[in-house]
Amino acid sequence: QLLKLRRILSRFRENSTFDSKLEEAMQEMADSAREETGIDLEGDLFLWWGPELAIGVIDFGDFDENLPEIVGFIETRDVNASEDFLFLLMDSIEAEEDVKFEKGSFGGFTTYGYDAPDKDIGAHFAVTEKYLVVATSHNLLDSTLGMMENPRRPLAEKQKFKDAMESIDEP
């Protein structure tokens, strides 16, 4: 896939103005984000953002069939910088959405979140040693942090499962 992406980009780069147009578009996006949120993408976000990013749609029992529960993990290379970014992001959301984040805790983690009474979705955050964790509900954030604190062994590693698999006749 990487090779295919490189071939596609090389075709764009054959056009001598591609790099300058891409750079210009990225700068416009960064300027727009700074104006709208007060967040400097390069200085506040890219400073700590690691290479790992994962998003999942999860059902922990409070799943609404009209709106999925979503959890995201953004790897952090600098916990302090990611916390600074989170505070900037929450300030921006509070100003734009007229909401107030509540500080809480789960296990050894500090959590921040709000559930908008007039909306179907909230925003809930925690910074761990490795990730900025984002979730659409308080319960989902707590469940996710709980699994991070006490990971379960996969079923395939449990001896009873191995014994059961060995006892099954091959077709």
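The accessible surface of the chain comes to about 12,300 Å², and carbon and sulfur atoms account for 52% of that; such areas come from the Shrake-Rupley method with a 1.4 Å probe, and for residues only the protein chains shown count as cover. This is a predicted model, so local features need pLDDT of at least 70 and side-chain atom pairs count only at pLDDT 80 or more, while totals for chains, interfaces and linings use all residues. Residues are numbered from 1 along each chain as its sequence is written, and side-chain values use heavy atoms, with hydrogens and water left out.

Now for the overall layout. The chain has six helices and six strands, taken as DSSP runs (H or I over at least four residues for helices, E over at least two for strands) and numbered from the N terminus. Going along the sequence, the pattern reads α-α-α-β-β-α-β-β-β-β-α-α. Of the 171 residues, 29% count as buried; here buried means under 20% relative accessible area, exposed means over 50%, and partly exposed is in between (1.4 Å probe, protein chains only). A contact is a pair with heavy atoms within 4.5 Å. Among contacts between residues at least 6 apart in sequence, 47% join residues at least 24 apart.

Next comes the inside of the model. In soluble globular proteins, nonpolar side chains tend to be buried together. A nonpolar core is a set of buried Ala, Val, Leu, Ile, Met, Phe, Trp, Tyr and Cys residues joined through side-chain atoms within 4.5 Å. The largest one has 21 residues, and W48, L86, F101, Y114, F125 and L132 touch the most other members. Two or more residues each come from α2 (18–37), α3 (41–45), α4 (79–97), β4 (109–115) and β5 (122–127). The top contributor is α4, which gives five residues. Apart from this core lies another, of 10 residues, with V71, A126, Y131 and A135 among them.

T128 sits in the loop between β5 and β6 (131–135). Even so, T128 is buried, at a relative accessible area of 6%. Its contacts, again not counting residues up to four places away in sequence, are with T76, V79, F109, V133, L145 and M148.

Finally, the charged pairs. Side chains of opposite charge can pair when their charged atoms come close. A salt bridge here is a side-chain nitrogen of Lys or Arg within 4 Å of a carboxyl oxygen of Asp or Glu, and the structure holds three of them. One links D31 to R34, with the closest N and O atoms 3.1 Å apart. These two are three residues apart in helix α2, so about one helical turn separates them. D31 is partly exposed at 27% relative accessibility, and R34 is partly exposed at 36%. R34 also meets D40 in a salt bridge (3.5 Å, N to O), and D40 is partly exposed with a relative accessible area of 26%. Another salt bridge brings together the side chains of K100 and E94 (4.0 Å, N to O). K100 is exposed, at 63% relative accessibility, whereas E94 is buried, at 18%. Through shared partners, salt bridges join D31, R34 and D40 into one network.
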